[in-house]
Amino acid sequence: LPHKCFSFINILGLSAGIAACFMIFLYVHHELTYDQYNEKADRIARVTTRLKTPESDMNIAGTPIPLGAAVKKDYPEVEATARLMQAAPIINYNNEPIRETGFFQSEQSLFDVFTFSFLEGKIDGALQKPNSIVLSKSIAKKYFGAVSALGKTLVCDGQPWQVTGVFADRPANSDLKIDALMYSDPSKVTAWLEGDFEVYTFVLFRNKPDLKSFEKKLVQLSEKYTKPELLAYDPNLTGYAVNFDVEP
(Lines give C-alpha, C1' and ligand atoms only; values in the text may rest on other atoms or scores of the structure.)
Protein backbone atom coordinates (compact mmCIF):
# COMPACT_ATOMS: atom_id res chain seq x y z
CA LEU A 1 0.00 0.00 0.00
CA PRO A 2 2.77 2.57 0.79
CA HIS A 3 4.31 1.94 -2.63
CA LYS A 4 0.94 2.64 -4.27
CA CYS A 5 0.63 5.91 -2.33
CA PHE A 6 4.12 7.01 -3.36
CA SER A 7 3.35 6.12 -6.99
CA PHE A 8 0.10 8.06 -6.85
CA ILE A 9 1.87 11.11 -5.37
CA ASN A 10 4.61 10.94 -8.00
CA ILE A 11 2.13 10.65 -10.86
CA LEU A 12 0.03 13.48 -9.43
CA GLY A 13 3.10 15.71 -9.10
CA LEU A 14 4.25 14.88 -12.62
CA SER A 15 0.79 15.63 -14.02
CA ALA A 16 0.63 18.95 -12.17
CA GLY A 17 4.06 19.88 -13.49
CA ILE A 18 3.12 19.05 -17.09
CA ALA A 19 -0.14 21.00 -16.75
CA ALA A 20 1.72 24.01 -15.32
CA CYS A 21 4.27 23.95 -18.16
CA PHE A 22 1.47 23.73 -20.71
CA MET A 23 -0.35 26.70 -19.17
CA ILE A 24 2.87 28.74 -19.12
CA PHE A 25 3.47 27.85 -22.78
CA LEU A 26 -0.03 28.97 -23.74
CA TYR A 27 0.39 32.26 -21.86
CA VAL A 28 3.78 33.03 -23.41
CA HIS A 29 2.52 32.12 -26.89
CA HIS A 30 -0.53 34.38 -26.36
CA GLU A 31 1.68 37.32 -25.36
CA LEU A 32 4.31 36.84 -28.08
CA THR A 33 1.73 36.59 -30.87
CA TYR A 34 -0.10 39.85 -30.07
CA ASP A 35 -1.49 41.26 -33.34
CA GLN A 36 0.52 38.71 -35.35
CA TYR A 37 -2.67 37.52 -37.08
CA ASN A 38 -2.32 40.62 -39.24
CA GLU A 39 -0.77 39.47 -42.50
CA LYS A 40 1.33 42.67 -42.71
CA ALA A 41 2.22 42.87 -39.01
CA ASP A 42 5.95 43.34 -39.63
CA ARG A 43 5.22 46.45 -41.74
CA ILE A 44 2.67 48.11 -39.44
CA ALA A 45 3.52 50.77 -36.86
CA ARG A 46 1.54 53.14 -34.68
CA VAL A 47 2.38 56.82 -34.36
CA THR A 48 1.98 58.47 -30.96
CA THR A 49 2.32 62.09 -29.83
CA ARG A 50 4.87 63.64 -27.49
CA LEU A 51 4.03 67.12 -26.24
CA LYS A 52 7.21 68.97 -25.38
CA THR A 53 7.12 71.78 -22.83
CA PRO A 54 9.92 73.69 -21.06
CA GLU A 55 9.17 71.69 -17.89
CA SER A 56 8.73 68.14 -19.19
CA ASP A 57 7.35 65.96 -22.00
CA MET A 58 3.94 64.30 -22.03
CA ASN A 59 3.22 61.18 -24.10
CA ILE A 60 -0.19 60.67 -25.69
CA ALA A 61 -1.40 57.56 -27.52
CA GLY A 62 -3.50 59.63 -29.94
CA THR A 63 -2.40 61.99 -32.70
CA PRO A 64 -3.70 65.03 -34.58
CA ILE A 65 -6.34 64.00 -37.12
CA PRO A 66 -4.49 65.28 -40.26
CA LEU A 67 -1.34 63.29 -39.42
CA GLY A 68 -2.38 60.16 -41.33
CA ALA A 69 -2.96 61.97 -44.61
CA ALA A 70 0.26 64.01 -44.27
CA VAL A 71 2.41 60.94 -43.63
CA LYS A 72 0.92 59.19 -46.65
CA LYS A 73 1.51 62.26 -48.84
CA ASP A 74 5.00 63.23 -47.69
CA TYR A 75 6.76 59.88 -47.36
CA PRO A 76 6.90 57.52 -50.37
CA GLU A 77 7.98 54.60 -48.17
CA VAL A 78 4.48 54.64 -46.66
CA GLU A 79 1.98 52.46 -48.51
CA ALA A 80 -1.13 53.36 -46.52
CA THR A 81 -2.32 54.92 -43.28
CA ALA A 82 -5.45 54.37 -41.23
CA ARG A 83 -7.06 56.31 -38.41
CA LEU A 84 -9.28 55.02 -35.61
CA MET A 85 -11.24 57.00 -33.05
CA GLN A 86 -13.30 55.39 -30.31
CA ALA A 87 -17.00 56.11 -30.75
CA ALA A 88 -18.67 54.35 -27.76
CA PRO A 89 -22.27 55.01 -28.94
CA ILE A 90 -25.41 54.17 -27.01
CA ILE A 91 -27.69 51.63 -28.68
CA ASN A 92 -31.26 51.13 -27.52
CA TYR A 93 -31.99 47.40 -27.52
CA ASN A 94 -35.21 45.99 -26.08
CA ASN A 95 -35.84 49.41 -24.52
CA GLU A 96 -32.51 49.24 -22.69
CA PRO A 97 -29.62 51.66 -23.47
CA ILE A 98 -26.36 49.81 -24.09
CA ARG A 99 -23.03 51.61 -24.42
CA GLU A 100 -20.71 49.80 -26.83
CA THR A 101 -17.09 50.62 -26.01
CA GLY A 102 -15.68 48.48 -28.83
CA PHE A 103 -17.14 50.69 -31.59
CA PHE A 104 -14.73 52.91 -33.54
CA GLN A 105 -14.98 55.54 -36.24
CA SER A 106 -12.68 54.72 -39.10
CA GLU A 107 -11.96 54.99 -42.81
CA GLN A 108 -11.87 52.53 -45.69
CA SER A 109 -8.05 52.41 -45.70
CA LEU A 110 -8.14 50.51 -42.41
CA PHE A 111 -8.75 47.35 -44.44
CA ASP A 112 -5.58 48.03 -46.44
CA VAL A 113 -3.55 48.07 -43.23
CA PHE A 114 -5.14 45.39 -41.04
CA THR A 115 -6.42 41.91 -41.84
CA PHE A 116 -10.18 41.45 -41.56
CA SER A 117 -12.08 38.33 -42.58
CA PHE A 118 -15.48 39.31 -43.96
CA LEU A 119 -18.36 36.88 -43.42
CA GLU A 120 -21.03 39.09 -45.00
CA GLY A 121 -20.70 41.87 -47.54
CA LYS A 122 -17.59 42.90 -49.45
CA ILE A 123 -14.52 44.45 -47.89
CA ASP A 124 -14.06 46.78 -50.88
CA GLY A 125 -16.06 49.94 -50.26
CA ALA A 126 -17.52 48.76 -46.94
CA LEU A 127 -16.80 52.11 -45.27
CA GLN A 128 -17.07 54.54 -48.15
CA LYS A 129 -20.59 55.86 -47.60
CA PRO A 130 -21.78 58.09 -44.75
CA ASN A 131 -23.65 56.25 -41.99
CA SER A 132 -22.30 52.86 -43.02
CA ILE A 133 -21.18 50.45 -40.31
CA VAL A 134 -19.37 47.12 -40.26
CA LEU A 135 -20.03 44.73 -37.36
CA SER A 136 -18.19 41.82 -35.80
CA LYS A 137 -19.94 38.45 -35.87
CA SER A 138 -20.68 38.67 -32.12
CA ILE A 139 -22.23 42.14 -32.35
CA ALA A 140 -24.27 41.16 -35.43
CA LYS A 141 -25.63 38.15 -33.56
CA LYS A 142 -26.27 40.26 -30.45
CA TYR A 143 -28.54 42.73 -32.24
CA PHE A 144 -29.90 40.75 -35.20
CA GLY A 145 -29.87 37.17 -33.98
CA ALA A 146 -29.34 34.33 -36.44
CA VAL A 147 -30.57 36.25 -39.50
CA SER A 148 -28.24 38.13 -41.81
CA ALA A 149 -27.33 41.63 -40.59
CA LEU A 150 -26.25 42.83 -44.04
CA GLY A 151 -28.33 45.79 -45.22
CA LYS A 152 -30.11 46.18 -41.91
CA THR A 153 -30.08 49.33 -39.75
CA LEU A 154 -28.52 49.79 -36.33
CA VAL A 155 -29.49 52.94 -34.44
CA CYS A 156 -26.47 54.45 -32.65
CA ASP A 157 -26.90 57.61 -30.56
CA GLY A 158 -30.29 58.07 -32.20
CA GLN A 159 -28.90 57.94 -35.75
CA PRO A 160 -29.49 55.10 -38.26
CA TRP A 161 -26.41 53.27 -39.55
CA GLN A 162 -26.65 50.75 -42.38
CA VAL A 163 -24.74 47.49 -41.96
CA THR A 164 -22.47 47.03 -44.99
CA GLY A 165 -20.48 44.07 -43.71
CA VAL A 166 -19.88 41.53 -40.97
CA PHE A 167 -16.37 40.37 -40.07
CA ALA A 168 -15.09 37.46 -38.00
CA ASP A 169 -14.42 38.29 -34.34
CA ARG A 170 -10.94 39.59 -33.71
CA PRO A 171 -8.57 37.30 -31.75
CA ALA A 172 -8.30 37.86 -28.01
CA ASN A 173 -4.64 38.87 -28.34
CA SER A 174 -5.44 42.05 -30.25
CA ASP A 175 -4.14 45.41 -29.12
CA LEU A 176 -7.51 46.99 -29.86
CA LYS A 177 -10.84 45.30 -29.19
CA ILE A 178 -12.82 46.18 -32.33
CA ASP A 179 -16.50 45.20 -32.31
CA ALA A 180 -17.67 47.58 -35.03
CA LEU A 181 -16.35 50.19 -37.45
CA MET A 182 -18.38 53.30 -38.27
CA TYR A 183 -17.80 55.46 -41.35
CA SER A 184 -15.69 58.54 -40.81
CA ASP A 185 -14.18 61.17 -43.10
CA PRO A 186 -11.08 62.55 -41.33
CA SER A 187 -10.20 64.69 -44.36
CA LYS A 188 -12.79 67.24 -43.20
CA VAL A 189 -10.47 68.21 -40.34
CA THR A 190 -7.44 70.21 -41.49
CA ALA A 191 -6.35 71.89 -38.24
CA TRP A 192 -3.54 69.99 -36.56
CA LEU A 193 -4.12 71.25 -33.04
CA GLU A 194 -7.89 70.82 -33.08
CA GLY A 195 -9.46 68.50 -30.50
CA ASP A 196 -7.79 66.32 -27.89
CA PHE A 197 -5.67 64.06 -30.12
CA GLU A 198 -8.14 61.18 -29.78
CA VAL A 199 -7.27 59.52 -33.09
CA TYR A 200 -5.05 56.43 -33.28
CA THR A 201 -2.88 56.61 -36.41
CA PHE A 202 -1.43 53.46 -37.98
CA VAL A 203 1.13 53.32 -40.79
CA LEU A 204 1.69 50.52 -43.29
CA PHE A 205 5.16 50.66 -44.85
CA ARG A 206 5.99 49.27 -48.28
CA ASN A 207 8.90 47.33 -46.76
CA LYS A 208 9.93 46.36 -43.25
CA PRO A 209 10.81 49.75 -41.76
CA ASP A 210 13.62 51.23 -39.74
CA LEU A 211 11.39 52.87 -37.14
CA LYS A 212 14.14 54.94 -35.52
CA SER A 213 15.08 56.44 -38.87
CA PHE A 214 11.45 57.16 -39.72
CA GLU A 215 10.91 58.74 -36.32
CA LYS A 216 13.65 61.26 -37.14
CA LYS A 217 11.82 62.16 -40.35
CA LEU A 218 8.71 62.94 -38.34
CA VAL A 219 10.61 65.80 -36.68
CA GLN A 220 10.56 67.54 -40.07
CA LEU A 221 6.84 66.85 -40.39
CA SER A 222 6.25 68.42 -36.98
CA GLU A 223 8.23 71.51 -37.99
CA LYS A 224 6.26 71.77 -41.22
CA TYR A 225 2.72 71.37 -39.90
CA THR A 226 2.34 71.74 -36.13
CA LYS A 227 4.87 74.44 -35.31
CA PRO A 228 3.27 77.15 -37.54
CA GLU A 229 -0.15 76.50 -35.95
CA LEU A 230 1.34 76.57 -32.46
CA LEU A 231 3.09 79.90 -33.00
CA ALA A 232 0.06 81.35 -34.78
CA TYR A 233 -1.97 80.55 -31.68
CA ASP A 234 0.62 82.19 -29.40
CA PRO A 235 4.01 83.53 -30.60
CA ASN A 236 5.38 83.08 -27.09
CA LEU A 237 5.15 79.27 -27.26
CA THR A 238 8.65 78.88 -28.70
CA GLY A 239 9.62 76.35 -26.01
CA TYR A 240 6.71 74.08 -26.86
CA ALA A 241 6.46 71.46 -29.62
CA VAL A 242 4.26 68.62 -30.85
CA ASN A 243 6.52 65.71 -31.75
CA PHE A 244 5.76 62.15 -32.86
CA ASP A 245 7.09 58.75 -31.88
CA VAL A 246 6.69 55.43 -33.71
CA GLU A 247 6.16 52.03 -32.15
CA PRO A 248 5.59 48.58 -33.72
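Predicted model: local features only at pLDDT ≥ 70, side-chain atom pairs only at ≥ 80, totals over all residues.
Me: What makes up the secondary structure of the protein chain?
Reply: The count is 5 helices and 13 strands.

Me: How do you know how confident the predictor is in the protein chain?
Reply: From the pLDDT, which averages 88, with 85% of the residues scoring at least 70. Residues 24–34 are another matter: the pLDDT there is below 50, and beyond near neighbours in sequence this stretch has 7 contacts in the model.

Me: Why are β3 and β12 called paired strands?
Reply: Pairing takes at least two bridges, and 7 bridges join β3 (residues 78–86) to β12 (residues 199–205), so the two count as paired. They run antiparallel, and A82 stands opposite F202 in β12.

Me: And what makes β3 and β6 a pair?
Reply: The rule asks for at least two bridges, and 2 bridges join β3 to β6 (residues 103–106), so the pair qualifies. These strands run antiparallel too, with M85 opposite Q105 in β6.

Me: Why is the contact between R43 and E79 called a salt bridge?
Reply: The cut-off is 4 Å between a side-chain nitrogen of Lys or Arg and a carboxyl oxygen of Asp or Glu. R43 and E79 come in at 3.1 Å, N to O, so they pass. The pair links distant parts of the chain: R43 is in the loop between α1 (2–32) and β1 (44–52), E79 is in strand β3, and they are 36 residues apart.

Me: What makes E107 and R83 a salt bridge?
Reply: At 2.9 Å, N to O, the two side chains are within the 4 Å limit, so they count. E107 lies in the loop between β6 and α3 (110–113) and R83 in strand β3, so the pair ties together parts that are 24 residues apart in sequence. Both E107 and R83 are buried. Elsewhere, salt bridges that share partners join R50, D57 and D245 into one network.

Me: How do you know whether L211 is buried or exposed?
Reply: The relative accessible area of L211 is 19%, and the limit is under 20%, so L211 counts as buried. L211 is in helix α5 (residues 211–233). Its contacts, leaving aside neighbours within four places in sequence, are A45, F205, V246, E247 and P248. The C-alpha atoms of L211 and A45 are separated by 8.1 Å, although the two are 166 residues apart along the chain.

Me: Which residues touch the most other members of the largest nonpolar core?
Reply: Of its 37 residues, those are F103, F116, I133, L135, L154 and L181. L181 touches residues including L84, F104, F116, L127 and I133, not counting those up to four places away in sequence. A second, separate core of 20 residues includes L67, V71, F197 and V242.

Me: How much of the protein chain is buried?
Reply: Of its 248 residues, 39% count as buried. The accessible surface comes to about 14500 Å², of which 56% belongs to carbon and sulfur atoms.

Key: Residues numbered from 1 in each chain as written. Heavy atoms only, no water. Helix = DSSP H or I, 4+ residues; strand = E, 2+ residues; numbered from the N terminus. Buried < 20%, exposed > 50% of the residue type's maximum accessible area, 1.4 Å probe, protein only. pLDDT = per-residue confidence, 0-100. Contact = heavy atoms within 4.5 Å. Areas by Shrake-Rupley, 256 points an atom, 1.4 Å probe, with all protein chains shown as cover. Core = buried A, V, L, I, M, F, W, Y, C linked by side-chain atoms within 4.5 Å.
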